[in-house]
Amino acid sequence: PKPSVIWAVENPSLFGYLLDRGLSEETLGDAMLVCVNGYPSSATLRWLDRCMLDGEGRSPELRYAGDLDVQGLEITLFLQQRYGDRFRAWRMSASDYERGAGKGLPLASAEKRRLEQMSLPWEETLIPVMLARGVKLHQEVLAESLWMDLTGNANRME
């Protein structure tokens, strides 16, 4: 396929929710939705690599939404490094985090230490805000915003 945008989510439960809610080829147009299912497997990476290639000198943008926790941020950093300027973190900003922080789960001290060692090129303020709040968020907390982005009912990249 030659999508204009690849929207990718970390968790199968969110992927299923979006499909069950009525996401279809009609609502996505020439975009694609993919679930990486945690850390992307080599098969997932090969699929993304193939979809990101375009013999005409263009390539789609990869917009990735993951959990706002240590693992989700590590996956995001990995994908950003792999796809460079074609990558965009999707709903992974400090303001997105703040919107859902009331539904967060406590960060363990080991998670806090790992966060302190991280740096996020797309959002310098996210980690300090997470450490101050002391919670992590699963991406399902932001499901409505993700749905609105996919269906064109909101600003796609706030």
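**Charged side chains and their surroundings**

Reply: Lys136 is placed in strand E6, which spans residues 135-136. The model is a predicted one. Lys136 has a relative accessibility of 17%, and because the limit for buried is under 20%, the residue counts as buried. Its side chain has a polar partner: a polar contact of 2.8 Å links the side chain of Lys136 to that of Glu111. Glu111 is also one of the residues that Lys136 touches, a list that leaves out anything up to four places away in sequence and otherwise holds Leu68, Asp69, Gly104, Leu105, Pro106 and Leu107.

What does the buried Glu10 have in the way of an opposite charge? Glu10 has no salt bridge, and the nearest side chain of opposite charge belongs to Arg114, 11 Å away. The side chain of Glu10 does have a polar atom 2.7 Å from the backbone nitrogen of Asp67. Leaving aside residues up to four places away in sequence, Glu10 touches Cys35, Val36, Asn37 and Gly38, then Tyr64, Ala65, Gly66 and Asp67, then Gln71, Gly72 and Ile75, and also Gln139.

Several of these contacts lead into other parts of the model. Asn37, one of the residues touched by Glu10, belongs to the loop between strand E2 (32-35) and helix H3 (42-52). Asn37 is not a glycine, yet its phi is positive, at about 60°. Is Asn37 buried or exposed? With 52% relative accessibility, Asn37 counts as exposed. Arg91 also has a positive phi without being a glycine, with a value near 55°. Arg91 lies in the loop that runs between strand E4 (87-89) and helix H5 (94-100). The accessibility of Arg91 is 8%, so this residue counts as buried.

Tyr64 and Ala65, also among the contacts of Glu10, are buried residues of E3 that point opposite ways from the strand: Ala65 goes with Glu61 and Arg63, Tyr64 with Leu62. Side chains of a regular strand alternate between the two faces of the sheet. E3 is mostly covered, with five of its five residues buried. E1 is likewise mostly covered, as five of its five residues are buried. On one side of E1 these are Val5, Trp7 and Val9, and on the other Ile6 and Ala8, so that both faces are covered.

How do these strands pair? E1 runs parallel to E3, with five bridges between them, and Val9 is opposite Ala65 of E3. E1 also pairs with E2 in the parallel sense, over four bridges, where Ala8 faces Val34 of E2. E3 in turn is joined to E4 by three bridges, again in parallel, and Ala89 of E4 is the bridge partner of Tyr64.

Two helices complete the description. In H3, the buried residues are Thr44, Leu45, Leu48, Cys51 and Met52. Viewed down the axis of H3, these residues fall within an arc of 130°, so they line one face of the helix. An α-helix has 3.6 residues a turn, so residues three or four places apart point the same way. Ser42, Ala43, Arg46 and Arg50 are exposed on the other side of H3. The cover over the buried residues of H3 includes E1 and E2, together with strand E3 (61-65) and helix H4 (70-83).

Helix H8 (residues 143-150) is mostly covered, with six of its eight residues buried: Ala143, Ser145, Leu146, Trp147, Asp149 and Leu150. Among the elements that cover the buried residues of H8 are E1, E2 and E3, as well as H1, helix H2 (25-28) and H5. Just after H8 comes Gly152, whose phi is positive at about 80°.

How values were computed. Residues numbered from 1 in each chain as written. Predicted model: local features only at pLDDT ≥ 70, side-chain atom pairs only at ≥ 80, totals over all residues. Heavy atoms only, no water. Buried < 20%, exposed > 50% of the residue type's maximum accessible area, 1.4 Å probe, protein only. Lys, Arg positive; Asp, Glu negative; His and termini not counted. Salt bridge = Lys/Arg side-chain N within 4 Å of Asp/Glu carboxyl O. Polar contact = N/O pair within 3.5 Å; in protein donor to acceptor, adjacent residues only side chain to side chain. Contact = heavy atoms within 4.5 Å. Arc of directions from axis to C-beta. Pairing = 2+ DSSP bridges.
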